[in-house]
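The exercises below ask the reader to work through a single structure, step by step, with the sequence and coordinates open alongside. Each task is followed by its solution.

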Amino acid sequence: MAIKMARMIWLASCAALSGGAQALDLSPAGAFVQLGAAEHATYSLSAGVLWPWSWRREGLGGEWSGLTEASVAYWTSRGSSGRDSFAQLGLLPLVRYRFAQGRSDWFLEAGIGITVTDRLYRTAHKQFSTRFNFNDVVGVGYSFGAQRQRELSLRLAHLSNAGIKKPNPGENFVQLRYAAWF
């Protein structure tokens, strides 16, 4: 059931990304690398690509925009018989708020996406019941470079299956990210 749901969400995400465009350009406009840490010596290393949305709005003294990221991650954790590793694929739409009507180098971002791992995540302290999970992210970041083409951000991420199946302990990561726009 979780795989069918993941496929339906993936298809809906692809349809939303296309937005009725005549010619869909799927070339990414940026890339990132990211390190993450969770409790009990669980670590992640992620890499991915970024697509900005054409949508922009002003409000609350700043500029609102959006982007979508696709990622692949490698997790390592302490299992019952030593260190275990997991591979993860993710798709995450984000809404970004940039201060000072968009002129600030500082931004906030938040999003909810989907992930799938190559096998069930099990550690000595917790066990997921599904390979499919949601990825909730909030973060703060700083853009730099002549045209803000580089970014550093600090994020908090929560991964869980949202109660689709028990147990659902979730995992919380603190993530440090470097991104570059082309």
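**Exercise 1.** Leaving aside neighbours within four places in sequence, which residues is Arg 96 in contact with?

Solution. The model is a predicted one, and the residue to start from is Arg 96, which is found in strand S4, spanning residues 82–98. Once the neighbours within four places in sequence are set aside, the contacts of Arg 96 are Glu 63, Trp 64, Ser 65, Leu 67, Phe 107, Leu 108, Glu 109 and Glu 151. Two of these partners can then be examined in detail. The side chain of Glu 151 is joined to that of Arg 96 by a polar contact of 2.7 Å, while the ring of Phe 107 has the charged end of Arg 96 sitting over it, 3.7 Å from the ring centre. Finally, the relative accessible area of Arg 96 is 7%, and because buried means under 20%, this residue counts as buried.

**Exercise 2.** Describe the aromatic pair formed by Trp 64 and Tyr 97, and then do likewise for Trp 106 and Tyr 142.

Solution. A pair of aromatic rings is described by the distance of the centres and the angle of the planes. A search of the whole structure finds 9 aromatic pairs. In one of them, Trp 64 and Tyr 97 lie 4.8 Å apart centre to centre with 55 degrees between the planes, which makes the pair tilted. This pair links distant parts of the chain, since Trp 64 belongs to strand S3 and Tyr 97 to strand S4, 33 residues apart. As for accessibility, Trp 64 is partly exposed at 27%, whereas Tyr 97 is buried at 11%.

For Trp 106 and Tyr 142, the ring centres are 4.8 Å apart and the planes stand at 55 degrees, so this pair is tilted. Trp 106 lies in strand S5 and Tyr 142 in strand S6, and the pair therefore ties together parts that are 36 residues apart in sequence. Trp 106, at 46% relative accessibility, is partly exposed, and Tyr 142, at 30%, is partly exposed.

**Exercise 3.** Which residues of the largest nonpolar core touch the most other members?

Solution. Of the 17 residues in this core, the ones that touch the most other members are Leu 50, Leu 67, Trp 75, Leu 94, Tyr 121, Val 137 and Phe 173. The elements giving two or more residues to the core are strands S1, S3, S4, S7 and S8. Ring pairs also link Trp 75, Tyr 121 and Phe 173 into a cluster that includes Phe 86 and Phe 128. Beyond four places in sequence, Leu 50 touches residues including Phe 32, Leu 67 and Arg 177, and Arg 177 in turn lies over the face of Phe 32, at 3.7 Å from the ring centre.

Methods: Residues are numbered from 1 along each chain as its sequence is written. This is a predicted model: local features need pLDDT of at least 70, side-chain atom pairs count only at pLDDT 80 or more; totals for chains, interfaces and linings use all residues. Side-chain values use heavy atoms; hydrogens and water are left out. Helices (H or I, at least four residues) and strands (E, at least two) are DSSP runs, numbered from the N terminus. Buried means under 20% relative accessible area, exposed over 50%, partly exposed in between (1.4 Å probe, protein chains only). A polar contact is a pair of N or O atoms within 3.5 Å; within protein, one must be able to donate a hydrogen and the other to accept it, and residues adjacent in sequence count only if both atoms are side-chain atoms. Contact means heavy atoms within 4.5 Å. A nonpolar core is a set of buried Ala, Val, Leu, Ile, Met, Phe, Trp, Tyr and Cys residues joined through side-chain atoms within 4.5 Å. Rings of Phe, Tyr and Trp (its six-membered ring) pair if their centres lie within 6.5 Å; planes under 30 degrees apart count as stacked, over 60 as edge-to-face and the rest as tilted. A charge sits over a ring if NZ of Lys or CZ of Arg is within 6 Å of the ring centre and within 35 degrees of the ring normal.
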